[in-house]
Amino acid sequence: MVEFGGWDMPVQYPAGTMTEHLRTRAHAGLFDVSHMGEIDVRGADTLAFVNRLTSNDTTKLIDGQAQYSALTTPEGTVIDDLLVYRFAEDHLLLVVNAGTTDKDWDWIISHRGNERVDLHNVSAEYCQIALQGPDALSILQKLTTVPLAEIKYYHFSEGEVDGVPAIVSRTGYTGEDGFEVYAAADKAEQIWNKILDTGEFGAEDGVLPCGLAARNTLRLEAGMCLYGHEIDETTTLLEANLGWICKLNKGDFIGRERLAKQKEEGIKRKLVGFEVTDRGIARDGQDVLIDGDRVGLVTSGSPAPFLKKNIGTAYVPVEFANNGRAIEIDVRGRLVGAQIVPLPFYKRPRGFEGETPMPLPTRIFDS
């Protein structure tokens, strides 16, 4: 257990990070992400208000749909990444990072104008339990009458899980199919234990509880950004390959002018993925060298348990951001060879009807 964003969080459970990671890829992993923040927005001007603060286009959402987006600064950099859930035209729920919940709340409140909206930080009212992996649907379906197979990717439904009123969302942060269950905070233990029992926890192919370490290696294999690493208040959405959530044609929003200018002029650096070709593991914050010059830093680096490689991400000058390009990582004073490769490192097989082809979203996770 470690302190994480003001919470006590498990790094790993007895099975260990490697087993947790591989079980999620092959069968199912269970993650307690109740530390996430939730901000409720209601009122006649809800869509316009959130649209002005975020980079994606909330007006394109329909009831029961979720959207990956970002709160942006006037410079086009990232206050936080978040999910926007539409319950109705006058009701959205914003799901944000735990470590940035207070900052996000202050930012949203400070940018409220004359819009007719009611804002409430309801983070303490929710638990969030994420069941991820190929067996997630069959396990969770035993606990709910909600027809899970009918929920499209990045959509959600309301119903009950083990008799508890809940929001069931087909989202996740592992690169696998899966669901995130939002319910009353005091029901977290009940839902957690019931899913473990139903998923035959203890069986060789049963569900495993997973900690922060496996959550990190899974999202990195899937090429998903981590706030505080790949994205923060010094990185723009275009530099982070997140232009697809940056709708410059939707109308004005905070940071639009700067992002439009950057798109016109071209970015100077770009987030890339790399595989280590020598012996060694790249870690966050280590220098990246190209032709002997130090040109950037590793934003995330780790072994990839499923791919059986050592991988990472880094920002490099755009002129060097070419697949196959040789780079070096300064690993504690030793230069380790690597090469730039396409992102994401891992893509799951196409697994369910209604899945929408799209870049893998960067599910929220705090640094």
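**Salt bridges and a surface patch**

Modeller: Arg25, Glu176 and Glu221 are linked in a network of salt bridges. This is a predicted model, in which local features need pLDDT of at least 70, side-chain atom pairs count only at pLDDT 80 or more, and totals for chains, interfaces and linings use all residues. Residues are numbered from 1 along each chain as its sequence is written, and side-chain values use heavy atoms, with hydrogens and water left out.

Biologist: What is a salt bridge?

Modeller: A side-chain nitrogen of Lys or Arg within 4 Å of a carboxyl oxygen of Asp or Glu. The whole structure has 14 salt bridges.

Biologist: Which residue forms a salt bridge with Arg116?

Modeller: Asp45 does, with the closest N and O atoms 3.1 Å apart. The pair links distant parts of the chain, 71 residues apart.

Biologist: Is Asp45 buried or exposed?

Modeller: Buried means under 20% relative accessible area, exposed over 50%, and partly exposed in between (1.4 Å probe, protein chains only). Asp45 counts as buried because its relative accessibility is 18%, whereas Arg116, at 55%, counts as exposed.

Biologist: Which residues form a nonpolar patch on the surface?

Modeller: A patch is made of residues with over 30% relative accessible area and no salt bridge; like charges are joined within 9 Å, nonpolar side chains (Val, Leu, Ile, Met, Phe, Trp, Tyr) within 5 Å. Here the residues are Met18, Leu22 and Phe306, with about 260 Å² of accessible area together (Shrake-Rupley method, 1.4 Å probe; for residues, only the protein chains shown count as cover). Phe306 is partly exposed, at 38% relative accessible area.

Conventions:
Helix = DSSP H or I, 4+ residues; strand = E, 2+ residues; numbered from the N terminus.
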